[in-house]
Amino acid sequence: MNENEDETNMQIDPELEAIKARVKEMEEEAEKIKQMQSEVDKQMAGSTTGLATVPLSLEEKQEIDTRSVYVGNVDYGASAEELEAHFHGCGTINRVTILCNKADGHPKGFAYIEFGSKEFVETALAMNETLFRGRQIKVMSKRTNRPGLSTTNRFPRGTFRGRGARISRACCHTSFRGTRRPIRGYRGRVNYYAPY
């Protein structure tokens, strides 16, 4: 019986050694991955803190906007990589930004593409009305938003919301002649004629 036990131990030992070697390889690989991840985290932390502490000036934003284009009517399922591949012939692309709705995270249907040079914008503008994922896209040069400057003569959004938004409503039911009288509960803009 001792000989049989020795034979089974000899058979188990190579299998056991192979398993131990594989476990050791996996632990070493996991350690390498942790080191690589910590290096990437350090690089990302260094780059984001550098951007967060130094906000871009208006001139820097304008310079970036002169190298950028607006792309409208983008398919909702499109990715930044697909847009980059579509515009790769125009020149070096620094960044592709697809804007998403804050509430649900779905894309809004337009994007911004920042190029490495102003000359690449002209070639990108030539791609206006081309087909991208079966949709005709609109390519325009990006405009720079200036805070406090409005191109329309409208009231700012959010200033007059709620009941006081329509000034004409305040005098809606105040004057009526003859048999015209407001019906209780009706909140329309026009006085309703009640025949009885």
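For the record, a pocket here is an open set of points on a 1 Å grid over the protein atoms alone, where a 1.4 Å probe fits and protein lies on both sides within 12 Å along at least five of seven lines, and lining residues have an atom within 4 Å of a point.

I must keep in mind that this is a predicted model, in which local features need pLDDT of at least 70 and side-chain atom pairs count only at pLDDT 80 or more, while totals for chains, interfaces and linings use all residues. Residues are numbered from 1 along each chain as its sequence is written, and side-chain values use heavy atoms, with hydrogens and water left out.

I then took down the volume of the largest pocket, which is about 390 Å³; this is the space filled by probe spheres set on the points, with grid points joined across faces, edges and corners. Sorted by class, its lining has six nonpolar, three polar and five charged residues, where Ala, Val, Leu, Ile, Met, Phe, Trp, Tyr, Cys and Pro count as nonpolar, Asp, Glu, Lys and Arg as charged, and the others, Gly among them, as polar.

**D65**

I next looked up D65, which lies in helix α2 and is buried, with a relative accessible area of 9%. The cut-offs are under 20% relative accessible area for buried and over 50% for exposed, with partly exposed in between (1.4 Å probe, protein chains only). Not counting residues up to four places away in sequence, D65 touches K142, R143 and T144, a contact being heavy atoms within 4.5 Å.

**The chain as a whole**

I listed four helices and six strands for the chain, and from the N terminus on the order of elements is α-α-β-α-β-β-α-β-β-β. Helices (H or I, at least four residues) and strands (E, at least two) are DSSP runs, numbered from the N terminus. Of the 196 residues, 16% count as buried, and the chain exposes about 16100 Å², of which carbon and sulfur atoms supply 54%. Those areas come from the Shrake-Rupley method with a 1.4 Å probe, and for residues only the protein chains shown count as cover. Among contacts with a separation of 6 or more, 57% are between residues 24 or more positions apart.

**Strand pairing**

I followed the strands, taking two as paired if DSSP finds at least two bridges between them. β1 (residues 68-72) pairs in the antiparallel sense with β3 (residues 107-115) over five bridges; in this pairing V69 stands opposite I113 and V71 stands opposite A111. β1 is also joined to β6 by four bridges, again antiparallel, with G72 opposite K138. Because four of its five residues are buried, β1 is largely enclosed by the rest of the structure.

On β3 I also traced the pairing with β2 (residues 93-100), which runs antiparallel to β3 with six bridges, and here I98 stands opposite A111. β2 and β3 form a hairpin with six residues between them, and G105 in the turn has a positive phi of about 80°.

**Two loop residues with positive phi**

I checked N73, which is found in the loop between β1 and α3 (80-86). N73 is not a glycine, yet it has a positive phi of about 60°, and at 35% relative accessibility it counts as partly exposed.

I then turned to E129, in the loop between α4 (119-125) and β4 (131-132). Its phi is near 65°, a positive value in a residue other than glycine, and E129 is exposed, with a relative accessible area of 51%. Leaving aside neighbours within four places in sequence, E129 is in contact with Q136 and I137. Between the C-alpha atoms of E129 and G72, which are 57 residues apart along the chain, I noted a separation of 9.7 Å.
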